[in-house]
Amino acid sequence: MSMLFILLMIVGLAVVVVLWGVGIYNGLVTARNAFRNAFAQIDVQLQRRFDLIPNLVETAKAYMSHERQTLEAVVAARSAAQSGLAAAKANPGDPEAMAQLAAAQGQLNAGLGRLLAIAEAYPDLKANQNMMQLTEELTSTENKVAFARQAYNDAVMAYNNKREMFPSSVVAGAFNFAPAALLDIPADRAEVREAPKVQF
């Protein structure tokens, strides 16, 4: 009788350990899927931003023909940013892909900042209804990108905390749950946020 009791205790303990491990594994999968879903929201907003940029450049081109270099820089930065997004979409959270995306978005931010700062010098362009609408939509989209990025970074932090804490770290190591990288986009167009300087 005592041998049967010991055997049942061992089997019971094994079942508890397996269920505990499955619970931790499922929690890690849930956290990983949460940050990947949050990245998908960034993707949606960045795609909207990319769609607005050609219209902005075309509108500006009619008024800023001798600012061709600035316009071409924005188009090139948009293309690089799209490539960075494609790399990040292939592997959300990958440190190298996220760094590439952040750098490309930073260059695009800087190019757009220069374009909009130069546009301030063209009163007819500034007053153009299409330009005003595009600028407003771009600002709205960038706010959505910022919110989506914050949600993504929060989800990444929750995932990384879960995978680094004991005992989850044991399961994370056994099943290769890699750390995820935050998305920090440099140069959030500070020059555009400054009030335009008017001189008479």
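Arg49 and Glu142 form a salt bridge in which the closest N and O atoms are 3.3 Å apart; the term denotes a side-chain nitrogen of Lys or Arg within 4 Å of a carboxyl oxygen of Asp or Glu. This pair links distant parts of the chain, since Arg49 belongs to helix α1 and Glu142 to helix α5, 93 residues apart. Helices here are DSSP runs (H or I, at least four residues), numbered from the N terminus. Both Arg49 and Glu142 are buried, where buried means under 20% relative accessible area, exposed means over 50%, and partly exposed lies in between (1.4 Å probe, protein chains only).

The model is a predicted one, in which local features need pLDDT of at least 70 and side-chain atom pairs count only at pLDDT 80 or more, while totals for chains, interfaces and linings use all residues. Residues are numbered from 1 along each chain as its sequence is written, and side-chain values use heavy atoms, with hydrogens and water left out.

The structure holds six salt bridges. Another of them joins the side chains of Arg48 and Glu137, at 2.8 Å from N to O. Arg48 lies in helix α1 (residues 2-63) and Glu137 in helix α5 (residues 129-164), so this pair ties together parts that are 89 residues apart in sequence. Arg48 counts as partly exposed, at 35% relative accessibility, and Glu137 likewise counts as partly exposed, at 23%. A further salt bridge, between Glu58 and Lys61, has its closest N and O atoms 3.1 Å apart. Glu58 and Lys61 both lie in helix α1, three residues apart, about one turn of the helix. Glu58 is partly exposed, with a relative accessible area of 48%, and Lys61 is partly exposed at 41%.

The interior may be considered next. In soluble globular proteins, nonpolar side chains tend to be buried together. The largest nonpolar core here has 50 residues, of which Phe39, Leu56, Met98, Leu101, Tyr152 and Leu183 touch the most other members; such a core is a set of buried Ala, Val, Leu, Ile, Met, Phe, Trp, Tyr and Cys residues joined through side-chain atoms within 4.5 Å. Helices α1, α2 (68-90), α3 (95-119), α5 and α6 (168-174) each supply at least two residues of this core, and α1 gives the most, with 15 residues. Leaving aside neighbours within four places in sequence, Leu101 is in contact (heavy atoms within 4.5 Å) with Phe39, Leu46, Ala81, Gly84, Leu85, Ala88 and Leu183.

Aromatic rings provide a further set of links. The structure holds five aromatic pairs; rings of Phe, Tyr and Trp (its six-membered ring) pair if their centres lie within 6.5 Å, and planes under 30 degrees apart count as stacked, over 60 as edge-to-face and the rest as tilted. The rings of Tyr25 and Phe175 have centres 5.0 Å apart and planes at 65°, so this pair is edge-to-face. Because Tyr25 lies in helix α1 and Phe175 in the loop between α6 and α7 (190-193), the pair ties together parts that are 150 residues apart in sequence. Tyr25 is partly exposed, with a relative accessible area of 32%, whereas Phe175 counts as exposed at 51%. Phe35 and Tyr159 form a tilted pair, 5.0 Å centre to centre with 55° between the planes. Phe35 is in helix α1 and Tyr159 in helix α5, 124 residues apart, and both Phe35 and Tyr159 are buried. Ring pairs link Phe35, Phe39, Tyr152 and Tyr159 into a cluster.
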